[in-house]
Amino acid sequence: MVFELQSKYSPQGDQARAIAGLTRSLVAGNRHQTLLGVTGSGKTFTTANVIQELERPTIIMSHNKTLAAQLYSEFKQFFPHNAVEYFVSYFDYYQPEAYIPRSDTYIEKDSSINEEIERLRLSAVSSLLTRRDTIIVASVSCIYGLASPEDFLQMLVTIHPGQRITREEFLSKIVEMLYERNDIAFGRGKFRVRGDVVEVHPAQNDDEAVRVEFFGDEIDRISVFDPLTGHASATLTTFTLFPAKQFVTPHDKLRTAMAGIRGELEERVAEFERQSKFIEAQRIRMRTEFDLEMMQEMGFCNGIENYSRHLTGRPPGSRPYTLLDFLPKDHLLVIDESHATVPQIGGMYAGDRSRKSVLVEYGFRLPSALDNRPLNFSEFMETANQLVYVSATPGGFEINNSVVGNTAWIPNAENKFGEGGKAAGLKHAAPSAKELDVTTPGAKLVVEQIIRPTGLLDPRITVRPLKAQIDETIELCRRRIEIGERILITTLTKKTAEDLADYLREIGLRVRYLHSDIDTIERVEILRTLRAGDCDILVGINLLREGLDLPEVSLVCILDADKEGYLRSRTSLIQTAGRAARHLNGEVVLFADTITGSMRDLLDITEYRRSRQEAFNKENGITPRSVVRAVQESLHVIVKGGDVEQGIMREDSAGFDAAELIRELERDMADAAARLEYERAALLRDQITELKNGTSPEGGPPIRKKATYAKASRKKRG
């Protein structure tokens, strides 16, 4: 199977050169390469073209679920006929197991699994095992442990008509694959039996089940049917059934693993008793014996992943199997927003080990639980094949490693995940526009993509003194508001952001503030109001950076720009300045009394990029134009529905059982989350919290009639 990219666009600006350079570098066998693409230059489209050229299974890693979902949607549109899969953490809510010795507090693991995301994860694994035209969009959760690929393949069951197998043997196999029998509530991961007919709902499928009909000790027919109506849609000549869970172990391996767990338990108990830690000895024996009984009877137990070393037969201290082990050896790994994703990969291991070490020390888990962990950075780099780092501000790690002849990886001497640019010995953190050298040892493999398809230039940078920065900001804002444009203002603290927003509001400006204390759904609504023109100014701190698409913003004011640090680092300044890069009149104003190193980098890079962009536009007769994009309609519908529902709640406070209402809301929340409608799920979650606290939005009544609720819910869904 081949990758078939479908798009009404063709490569524009720097995209064609970037696609050619990256493709030649990867074909030449170089392990590390970087795509330095400015905001709005179409990095996703470039990546899609590279994947089509190489025709290799690809995994694209992002540092959070929201950006991963956005990428998944875009790649699904680019490759509608190929297997584009989504692999992120399947927890809607996750509270890890932990113990706090100081207060003798044990926190039990608590989680809520999103069944739709679990299905997508299983679908991703099955696609990797059955076809090469696969693209996996994943979060950093893909470096956490999974079952062994060998065990997963061993558990597959392939059947065909005429195959000699009894019904009992087939049922025994699918039970070992952790499918559950349910003749009434037939659903994903379940099977039911009706005489000589066995119906199985594969765990990776949403709306198709399989009917296996037996004639004596032989399979007579296999058909696909709709589990809702029961109507068969196709007859199959062969079918492969995948396990229902991600942690599966063949029965013989499970017996061996249980013996190993029991042996480790006895050693651990003896060790605790030698140290006179009798409470810990009793605790670990009781907890482990219970888990062993569950595995004996059910083949599974809560927290079974903590025994993954025994289940997969790995030696102590060895790395776990992850999604990367299911990829073929020639895979391509694309790290999106690498300046944020690479440090996140590097930080996962230490945090996980710190928490579990306490659990092991106090007898809540066996020492082998420490081997149920994410990959450390060295293991990740050893597992990955060829890598493409994608960012507008790649760090020193990416730049330093992207050289011809580097087959391993080179940490930065001072900071493994430090800033780029000067750390790489490059004035602009990228070579000139000439063709990329992919063969000369030591040559930099950094591909620039700074020409936007819209012809837009990088925003102009202006430096103004700190004195009277607030008054000057107000004057700048008034000028932009008069011509219908929007403004972002960044401060250094939450208190400053709130106080400045209050002050601007008092003098008659329409302003909102945005920082980490604001609820997720409210953050999205604030951004929508800015785009829709309901407010003109947004004051923030660190949220006004990568991933924020606000085409209406023409001015970014950065207060106290010379306070060098994390919030005014090179990366932060470049990313924040990029928020004005989608508008024809984009401008960034830095208020500072001195020019810091980070500011100088921003000024130099902007000057260099603007000169390249202007020259390209002049040479090709391009007239720059602002990005035009509709305000997010789905969010508008959600918020409008919420307003309608709140109004109805205030009008009708007749006695309806609050507990029943909460149950209805929880069902709706789970339904929304299953369809990946995260904004609506978050809105419902907030309403549930308010009802449990005995309040409702803006002081409305906490209860309402069932019919009224249903009416509001329908309006909200459109």
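**Aromatic pairs and a helix contact**

Modeller: The structure holds 16 aromatic pairs, where rings of Phe, Tyr and Trp (its six-membered ring) pair if their centres lie within 6.5 Å. This is a predicted model, in which local features need pLDDT of at least 70, side-chain atom pairs count only at pLDDT 80 or more, and totals for chains, interfaces and linings use all residues. Residues are numbered from 1 along each chain as its sequence is written, and side-chain values use heavy atoms, with hydrogens and water left out.

Biologist: Which kind of pair do the rings of F75 and F78 form?

Modeller: Planes under 30 degrees apart count as stacked, over 60 as edge-to-face and the rest as tilted. The ring centres of F75 and F78 lie 6.3 Å apart and their planes stand at 80 degrees, so the pair is edge-to-face.

Biologist: Is F75 buried or exposed?

Modeller: Buried means under 20% relative accessible area, exposed over 50%, and partly exposed in between (1.4 Å probe, protein chains only). The relative accessibility of F75 is 1%, so F75 counts as buried.

Biologist: Which kind of pair do the rings of Y99 and F364 form?

Modeller: Y99 is buried, and F364 is buried too. Their ring centres are 4.8 Å apart and their planes are at 40 degrees, so the pair is tilted.

Biologist: How are helix 16 and helix 17 oriented to each other?

Modeller: Angles under 35 degrees count as roughly parallel, over 145 as roughly antiparallel, 65 to 115 as roughly perpendicular and the rest as oblique. The axes of helix 16 (residues 570-577) and helix 17 (residues 597-620) come within 8 Å and cross at roughly 45 degrees, and the two helices are therefore oblique.

Definitions and conventions:
Axes fitted to C-alpha atoms, helices over the stretch in contact; angles between N-to-C directions. Helix = DSSP H or I, 4+ residues; strand = E, 2+ residues; numbered from the N terminus.
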